[in-house]
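Here's a quick briefing to read alongside the model. Have the viewer open while you go through it.

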Amino acid sequence: MRIMATLNLAGLFLIIAISLFSFSLACTFTVTNNCPHTIWPGTLAGAGTPQLPATGFQLDSGGSVRIETTPGWSGRVWARTGCTFDESGVGTCETGDCGGRLECNGNGATPPVSLFEITLGKGSDKDFYDVSIVDGYNLPLVAAPRGIYGGCNATGCVSDLNTGCPKELQVVGGVESGGVVACRSACEAFGLDQYCCSGEYANPTTCRPSSYSTIFKTACPKAYSYAFDDRTSTFTCKAYEYAIIFCPTGNGQMRSNGFVTAPAVHKNSYGEVGGMVSSSSTLSFPMLMFLLVILNYL
């Protein structure tokens with residue numbers, strides 16, 4: 001009986017240990033707005049993965065939100081600007097609009113927009129991530145992972161490309177926002193195969209950096225600037241959290257070494273944000289005592 005009880009406890013401990021290990025590999029996105037104005041982040045899941053708990057929400061200046069992900073999740077995160085929504089969540093945005101609704105619900109961002117793109121690895125597999133301005137640019141954006149197995153590279157586009165955007169690529173805002181609110185890609189502006197890496201240019205040999213993508217790459221060397229800009233723009237890591245920061249220099253978050261310190265989480269003015277905050281991965285005292293008791297019997 002003693003042996004059977006020990007085996008049962010050992011099995012129970014193993015199940016708990018596996019569960020805790022799996023939980024420790026869960027990843028969260030901490031989305032922060034360091035811009036001096038409100039933004040409306042949006043998320044879109046890739047094919048075969050579920051939508052995140054939040055597909056669109058308001059985030060006031062200085063606010064942060066933590067969003068839980070699922071293992072193997074793939075998709076995009078971006079920020080909309082200049083939005084107006086009614087009580088039912090219907091409206092428009094000057095940049096990054098996703099079907100004219102607060103919740104994007106499977107709709108992607110309307111270019112031009114700065115994008116964080118990621119595929120999370122399952123189990124011990126690594127994540128693949130990047131910041132892309134292939135579809136144009138609307139806001140500075142940095143993604144900084146916190147690695148499980150050590151340090152990981154931050155990436156993004158810190159420069160304000162709107163201020164130096166060529167006139168033919170500029171998107172000018174309305175009366176309230178004023179000035180250039182986004183910078184289009186040459187593909188969107190001109191629709192030519194050589195800029196879109198399509199047709200006879202749909203391979204890395206024939207599709208080369210253009211004068212326009214070179215402007216983007218010079219300003220933001222770690223970000224994707226055109227379709228085949230893989231070598232310097234795709235990063236790998238095994239992380240438990242990604243700090244996704246819009247306007248990263250707004251509150252001094254960007255360090256001189258190019259890495260970012262994830263800010264503290266603040267409560268957003270939208271009530272539903274509270275439901276997106278993930279629980280701590282730290283063991284509670286009762287759970288710790290329970291494990292100690294089991295270990296004492298083994």
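Predicted model: local features only at pLDDT ≥ 70, side-chain atom pairs only at ≥ 80, totals over all residues.

Residues are numbered from 1 along each chain as its sequence is written, and side-chain values use heavy atoms, with hydrogens and water left out.

**Disulfides**

- Taking a disulfide as a pair of cysteine sulfur atoms within 2.5 Å, the count comes to eight.
- Cys98 and Cys104 are joined with an S to S distance of 2.1 Å, and their link is left-handed, with -75° about the S-S bond.
- Both ends of that link are buried (under 20% relative accessible area; exposed is over 50% and partly exposed is in between, with a 1.4 Å probe and protein chains only): Cys98 sits at 0% and Cys104 at 1%.
- Cys187 pairs with Cys196 at 2.0 Å, S to S, and here the link is right-handed, with 100° about the S-S bond.
- Cys187 is partly exposed at 27% relative accessible area, and Cys196 is partly exposed at 24%.
- Cys157 bonds to Cys220 at 1.9 Å, S to S.
- That pair links distant parts of the chain, 63 residues apart: Cys157 is in strand E10 (155–157), while Cys220 is in the loop between helix H4 (211–219) and strand E13 (235–237).
- Helices (H or I, at least four residues) and strands (E, at least two) are DSSP runs, numbered from the N terminus.
- Cys157 and Cys220 are both buried.

- Cys27 is buried, with a relative accessible area of 5%.

**The five-stranded sheet**

- An open sheet runs in the order E2-E4-E7-E8-E13, with antiparallel pairing; two strands pair if DSSP finds at least two bridges between them.
- E2 (40–45) and E13 are the edge strands, each with a single partner strand, so one side of each has no neighbour in the sheet.
- On average, neighbouring strands of this sheet are turned by 20° against each other, direction ignored.
- E8 (127–132) and E13 run antiparallel and are joined by three bridges.
- Asp127 stands opposite Cys237 in E13.

**Nonpolar cores**

- A nonpolar core is a set of buried Ala, Val, Leu, Ile, Met, Phe, Trp, Tyr and Cys residues joined through side-chain atoms within 4.5 Å.
- The largest one has 43 residues, and those with the most contacts inside it are Phe29, Phe116, Tyr242, Ile244 and Phe246.
- Strand E14 (239–246) gives the most to this core, with four residues.
- Apart from it lies another core of six residues, including Leu44, Trp78, Cys104 and Val113.
- Tyr242 touches Cys27, Phe29, Asp127 and Cys237, among others, not counting residues up to four places away in sequence; contact means heavy atoms within 4.5 Å.

- The peptide bond from Pro111 to Pro112 is cis, with omega near 0°, and Pro112 lies in the loop between E6 (91–92) and E7 (115–119).
- Asn105 is in the loop between E6 and E7; its phi is positive, near 50°, though it isn't a glycine.
- Asn105 is exposed, at 55% relative accessible area.
- Cys247, also not a glycine, has a positive phi of about 55°.
- Cys247 is found in the loop between E14 and helix H5 (285–297), and counts as buried at 11%.

Technical notes
Axes fitted to C-alpha atoms, helices over the stretch in contact; angles between N-to-C directions.
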